[in-house]
Amino acid sequence: MKRIPTNIITGFLGAGKTTSILSLLARKPEHEKWAILINEFGNVGVDGAILEQQGAIIKEVPGGCMCCVAGLPMSVGINALLAQKPDRLLLEPTGLGHPKEVIHKLTSESYRNYVDLRATITVVDPRHFADSVYTDNVNFQDQLALADVVVANKIDQCDDFDLYTFQTAMEKAEPKKALIAEVEHGRLELEWLDIERTDRQAQHSHHHHGHDQTEPLPELELAPGQQFIRKENHGQGYHSCGWFFAADQLFEFSKLFSLFSNLSANRIKAVVNTENGCFAFNVVNQVVSVNELSLEGFESRIEVIDNEILPWDELENILCSITANTVAK
């Protein structure tokens, strides 16, 4: 088979990776078939449901950073996608992931005859460059160090100081980046995907964080009469809790929006059935964005990530209380 053009799209929590991939998919050549391997820190898999709306072939590796599951689960996902003979393969590691092992896997003897690894693209929020929570994080540092292309997203939400701080940091990058760009709404240009990859060195050695897996996680499936499943994960100083609700559970849109607006968490992602239809919620710093989806009969998925353990039981009770149907625990 021909070598498949492949890119890794990285970026820290909330930078806009999924939005960027959606933008690319919306503008891809109509005759091309794209495949995407998605990795999420949580266990309930929200991004896949959103990206499937654009007709891509999706495989998910949930439950930890892809770099820490770069053994069998990642290989199973890549192999399944390559078997579909796509015209392009994209990999989206979790925002808490370190791309070093992913690059190593894709350039290994096992894949070099099948994968044409091109530019690694890192999406960033310029406002993070003045915040030590991000700049002191080794994964944030190495996502930048290993990037061939660095894209400052959300510039419409940034002030001059944010952009100056970002630009100053990029001027110091060695070796120089192939491209540095500034965009709104994750609008990556298609031609950036074909920029050549350069061998780059991470600033830190990568260490696994206690959620290594040798087997893919089983598919989430509700037992007869079961209304939801809850899954938790932790690592790299962060904690996640996700819920997978039965398709017949309809959430009250206004109450869910209010809950997400008032919930202090680093990141919230959700694809939820409501009395008004199915919607994708994306929450960063208590700013909620919503997009309607054309899904029917879909199990709702809600994922909350924070650097503290939040009162998950209390949050679960609230979620159950704002469904239009009564949820029995």
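Helices (H or I, at least four residues) and strands (E, at least two) are taken as DSSP runs and numbered from the N terminus, and two strands pair if DSSP finds at least two bridges between them. The model is predicted: local features need pLDDT of at least 70, side-chain atom pairs count only at pLDDT 80 or more, and totals for chains, interfaces and linings use all residues. Residues are numbered from 1 along each chain as its sequence is written, and side-chain values use heavy atoms, with hydrogens and water left out.

An open sheet is formed by 6 strands in the order β9-β10-β14-β11-β12-β13, with antiparallel pairing. Its edge strands, β9 (228-235) and β13 (287-293), each pair on one side only. Strands β9 and β10 are joined by 8 bridges, and Arg-230 stands opposite Trp-243 in β10. In their hairpin, with 2 residues between the strands, Gln-236 takes a positive phi near 55 degrees. Strand β12 (residues 277-284) is joined to β13 by 7 bridges; here Cys-278 stands opposite Leu-293 in β13.

Helix α9 (residues 312-321) lies across β9, β10 (238-245) and β14 (300-306). Contact means heavy atoms within 4.5 Å. By this criterion, Ile-302 touches residues including Val-44, Trp-243, Phe-260 and Leu-319, not counting residues up to four places away in sequence.

A nonpolar core is a set of buried Ala, Val, Leu, Ile, Met, Phe, Trp, Tyr and Cys residues joined through side-chain atoms within 4.5 Å, where buried means under 20% relative accessible area (1.4 Å probe, protein chains only). The largest such core has 26 residues; among those that touch the most other members are Trp-243, Phe-281 and Ile-302. Two or more residues each come from β10, α8 (253-262), β11 (267-274), β12, β14 and α9.

Key. Axes are lines fitted to C-alpha atoms, for helices over the stretch in contact, and angles run from 0 to 180 degrees between N-to-C directions. Buried means under 20% relative accessible area, exposed over 50%, partly exposed in between (1.4 Å probe, protein chains only).
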